[in-house]
Amino acid sequence: MTPKTAIHWPATRWPVMRGVVGLVWVWALLATRVVAADVVIDEGFDDPEPSWYVRPATGVRAIAQLRTRSPDPTNPTTTERIVLACPAGYAAHVAHEVGQLPVIDEQVIEVVVRGNRQAIQLAAEVVYPRSIDPKTGKPVRTLVEGHRYSNPGGWQKLSLEKLPLLAGRHARLMSTDPKEKIDPHEAYVENVVLVVPGGTDQSMIEIDQMTITGVATAKPAFEGPALSFGGDSEGPLLQAPGSTAVKKGESFQPITVRRHGNTLTVENQPLVPRMIEYRGEPMELLADLGFNAIWFTEPVTEAQLQAARAAKLWVVCPPPPMDALAKLEVDSVWQTVLAWSLGSERDGLSLDSIASQTEQLRRIDPLNRPLLVGARDQHRRYGQLADLLVRSAALDLDAQQARMPLPVMGCSPWTQLSLGWTPEARKQAQLIAPRASHLGWYEPLEIRRAVLNALATGTRGLAIRTPERLGSAAPEARQLADQLRLLNDELRLVEPWLVSGKRTASTPVEGTGVETMAWQLGRSRLVYIPEQPVSVATLPPTSSIVVTGLPETTRAHLLTPAGLLPLAGQRAAGGYLVQLPSIAAGGWLLLTDDTRTLAQVQQRIGRNAMRAAQSERGLALAEVLELETVENQLASPRDNIGASRVAPLKQAIQQCDQMLASQQATRTLQYAAEIRHAAAIERRRVETQQMFSGFVSLPTDRELRLLPTQRALEQSLAVLPRGDNMLQGGDFEDLASTKNAGWLHANYAQARLDTGVQFTNTQPYHGGASLRLVARDLGDAVELDEDPKPVVWITSPPVEVREGGVIEVTGWVRVATTDAALGQLMVVDSLGGEQFALRIPTTTGWQPFRMVRTVDETRSLQINFALTGPAVAEVDAVMIREVLGPNRTARQAGEPPK
């Protein structure tokens, strides 16, 4: 545990993969020559992200992995702790990549460890590039062992030296065929490995420091590294250059895909999958939209795999049956598979079956692909079973910031985004407005906010679900396609920093309170300025930011898919001052003094700049015109309020067109983005004006085009009569009558909360009692890795509702919470689902709620009242009634509606 002061390895040199175009930008060392072996690699584990990883093996499973910091302020050391399960008689391999270090006499590897088992052994994975393994088609590799650990519970330094002697000895032992001897020349170390023996209980190992002295390094001909990339596609280039089709029976070199820390790697190159659920679209269209992977929810055919290869797309799909999987050829078309999907939206009931499936797959899969699972809860347990964990995120920006999922260690975190409402919610809206099309599609701007938020906060993969098949001629489908293409262009520009960069301290934007995020990669720094919620106060038209740790020669640019926009910058007190344009729409700030980085970024943008600018301008115009149409429908015929509010936005579109005509792609895109944000603010104003007071849920919620319909619905609901109450026991007078009516109570056992349901006569709203739901924090609920979910709930008895009817659910609630982000009362009905659920924070006394639903066919309706975390909520006077037509009475409510 010595201070971490040493010369650090300047860059990782990833091996080039034959037959695969560069997956993401990586460091390039050009015009190099070998110099003296006196450089030290010193890894002190100061970053928050773990850097060691547990290699997949039968029976081996990572349980926890985290970085811990010493509480002693005089010795602020950081260690990496790994807890794993491994059967007795076997060993787990915990590895750390070190690039390609040539094996030389002066080389010494030292690692300071502490564990709960004896015989933990330090080893190095040595690769022999001159000898090819005929079974894999890749260079031969082996483990060269060093010292063993002999001090359980205490710190011990393990060392490994005399690597050329040991590597040569292993080469001779592996040369079983006199005609095929292993050639030890040019051997290199690729991984440092800790061999951890298994046992009947869990194995724990802590790593404090790794030092490699005597490293032969290459001295670059220029000062500092530059970014480089290998091509236009991040998918597998699996046919020969110029080939237009994949030949049947063609063989392909096996590709290694695995998880390294929290990142997926392909042939040791980091990859951020941006996959879209396949709905039968032409794969060339999905590739043109910028996706690099397709997500199949059903078993895939070899014809589909060949089509994906031709489009340079990876495939994520369910594995074939176990007997068919075991027979797959490693050099076949199945090399297109990036990962095996074990399903989405899994819950605790599926844990045992998924555990059994993962064990079988790891044992028999000849491709050795990572395993992906989507989970609704039990995230920590699923993260231990699978390599890639997919979790759903809301597209509402404010809600997403309030309910940011806690990290799950030991897996690669991916985010799933559904770009439309749930089927139940869309059906509700369609019944209200049957002539409208594409209802329940999220606005393109909402999609961009959610995706960038997810990537900036640590997501290492995206799974996109569209409401319908892409490629149709509908304006809504074209706008969604344009936004997805723009978004993928933007992500390809910034992914090198997000994946390979080091997080630096956040910097506020002067005078705004806006916090940024920053990543350092070589001599360049990328700063993310999040788009501001449309509910915040108006920001100043210009602002500034002071960034520390930058040289005076730094140049500042706004990074966009349409190019680099130069910004004014200069040295100032406390750092480097950059003058910013309007930050309301957010964006990426690139700071560097490396002209090669700027040139390569501009080259990456290339000829797509004008296309990106035209797409952003088109989206801005579509959103402004939609806003104008709705405002005119809502305005009184005697005034022209809608036109007067939208007129400045339309004038801004004309200025945008002038920039576009003069080929100012970057300025056009930035100005169009500001117009879109201004339109979003106006949209929020209109929605707020039409919003019902109190807690109300209608099928027209959050759909701008349905605001005129919502106004007409409101006027009708104000005068139409209601039928009799159809819900039994909603007055909650006592336990016996409530249970006899069919109300049910349940709780989430793993919530670590003291939960319960009780009747109280303390100031009920109606009658002599009300129902109280309680969830009290036991002190360790913050340790959960789960998203907020129901921890205790009650369910009403089923009520039959008739086809064609309009149903109103009403009641009164009183809620007290300590943290609205964790604990709320959620009211959900079986017709609208969670999409239209009411989420009620702390209230001032008793407050009414109302939900209006349409009925497409005769069915049962049930209501759930649930707490999502620590809170106390009281419910009273709940009713379910039918909204009657003008000529119907309560007595006629039981008759079929006309």
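A few ground rules before the details. Residues count from 1 along each chain as its sequence is written, and side-chain values use heavy atoms, with hydrogens and water left out. Since the model is predicted, local features need pLDDT of at least 70 and side-chain atom pairs count only at pLDDT 80 or more, while totals for chains, interfaces and linings use all residues.

**Salt bridges**

Searching the whole structure turns up 47 salt bridges (a side-chain nitrogen of Lys or Arg within 4 Å of a carboxyl oxygen of Asp or Glu).

| Pair | N to O distance | Sequence separation |
|---|---|---|
| Arg 705 and Glu 476 | 3.4 Å | 229 residues |
| Arg 523 and Asp 593 | 3.3 Å | 70 residues |
| Arg 772 and Glu 874 | 3.5 Å | 102 residues |

Take the salt bridge between Arg 705 and Glu 476. Arg 705 sits in the loop between strand S36 (695-697) and helix H15 (707-719), and Glu 476 belongs to helix H10 (residues 475-500), so the pair ties together parts 229 residues apart in sequence. Helices (H or I, at least four residues) and strands (E, at least two) are DSSP runs, numbered from the N terminus. Arg 705 has 24% relative accessible area and Glu 476 has 22%, which makes both partly exposed. For reference, buried means under 20% relative accessible area, exposed over 50%, and partly exposed in between (1.4 Å probe, protein chains only).

Next, Arg 523 and Asp 593 meet in a salt bridge. This one links two loops: Arg 523 is between strands S28 (517-521) and S29 (524-529), and Asp 593 is between strand S35 (587-592) and helix H11 (595-605). Arg 523 is partly exposed at 30%, as is Asp 593 at 26%.

The salt bridge of Arg 772 with Glu 874 runs from strand S39 (residues 770-777) to strand S48 (residues 871-882). Here Arg 772 is buried at 19%, and Glu 874 is buried at 7%. Elsewhere, shared partners join Asp 288, Asp 482, Arg 485, Asp 489, Arg 492 and Arg 611 into one salt-bridge network.

**Cysteines and Gly 833**

The search finds 0 disulfides, meaning pairs of cysteine sulfur atoms within 2.5 Å. Cys 317 is buried at 0% relative accessible area, and Cys 411 is buried at 4%.

Gly 833 is in the loop between strand S43 (825-829) and strand S44 (838-840), and is buried at 15%. Its C-alpha lies 9.3 Å from that of Pro 423, although Gly 833 and Pro 423 are 410 residues apart in sequence.
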